[in-house]
Amino acid sequence: MTYVIHGATGAQGAPVVSALTAAGKSVTAPTRNPDATVDGARVVAAGYSSVTDLTAAYRGADGVFVHLPVGAEEDRLAFANNILAAVRAARPGRVVFSTSGFPIDRAIGGATATLAAGLADSGVSHAVIAPELYLENLLMPYVVDSVRERGVLPYPIRADFPVSWASHLDIADVAVALFEQPDITGVIGVGQYPAITGPDLAEAFAARFGRDVVFRPISPDEFRTSVAPLIGEGPAAGIAEAYRAMSTMPDRSIAPANSAQKLLDVTPRTTTHWLENMGL
């Protein structure tokens, strides 16, 4: 069986490649760089900007794992439409799409919602992985260095804001389970349940680092300034806007009825276990 994994050299796709190759599956990694190497995978030159290349990569595949890169929304929307055109043309056996935490409500719109809706209308077996926030966000230097140096965990959410945090490793576990269980369709929530707050995160870091750690809410603009050197001003501004919108919400908790725990018997890592996996 052959699986096409987007982002195979990145934070979200690489764990999926590792999990599939460890299970003895054949993996193809589409990349814009034909000279890239991915352990255990066949690399093909195919970017989100080419429907022709994507169609060739998807044709005959038993499964495709896809997520949209962070960037300008105009580009993301074009990529979403190209992916859909390739899926309709190639008809892979199954598509598993990670929203990366972006909304899929058609009323809100946007690239992620467009891709989710298009997959639902494609007639191709599919499932949508819907995480809330990634624990890996806490590995950004601005955050983890502050924990190490000052015992302060800064993040742009309220201290009383519950979140079903998930790891990229959890996404990989769920993606593999969804490839193995094609009868599970629709949207699958991935993350810790019950949801936890910022002080809960700080407590886990304190236990792991062996020092007192306190949680400090910061503004979306302060967060934008911290991440812009890593991802660019445009994407950073978009992320800040997302956190501003999040500030009006009561929580970012998954619903237990459509959770990976219930539907797939896959339980995401606790913050403590994730920190151990990261070797921190």
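## About the model

Residues are numbered from 1 along each chain as its sequence is written, and side-chain values use heavy atoms, with hydrogens and water left out. Because the model is predicted, local features need pLDDT of at least 70 and side-chain atom pairs count only at pLDDT 80 or more, while totals for chains, interfaces and linings use all residues.

## The sheet

Let's start with the strands (DSSP runs of E, at least two residues, numbered from the N terminus). Seven of them, in the order β3-β2-β1-β4-β5-β6-β10, form an open sheet with parallel pairing; two strands pair if DSSP finds at least two bridges between them. At the edges are β3 (41-45) and β10 (186-190), each pairing on one side only.

Inside this order, β1 (residues 2-5) and β4 (residues 63-66) pair in the parallel sense over 3 bridges. Here I5 stands opposite F65 in β4.

Is S146 buried or exposed? S146 counts as buried because its relative accessibility is 2%, where buried means under 20% relative accessible area (1.4 Å probe, protein chains only). A polar atom of the S146 side chain lies 2.7 Å from the backbone oxygen of V152.

V174 has its place in helix α6 (residues 168-180) and, at 1% relative accessibility, also counts as buried. Leaving aside neighbours within four places in sequence, V174 is in contact (heavy atoms within 4.5 Å) with residues including I129, I188 and V190.

Note on methods. Buried < 20%, exposed > 50% of the residue type's maximum accessible area, 1.4 Å probe, protein only. Polar contact = N/O pair within 3.5 Å; in protein donor to acceptor, adjacent residues only side chain to side chain. Helix = DSSP H or I, 4+ residues; strand = E, 2+ residues; numbered from the N terminus.
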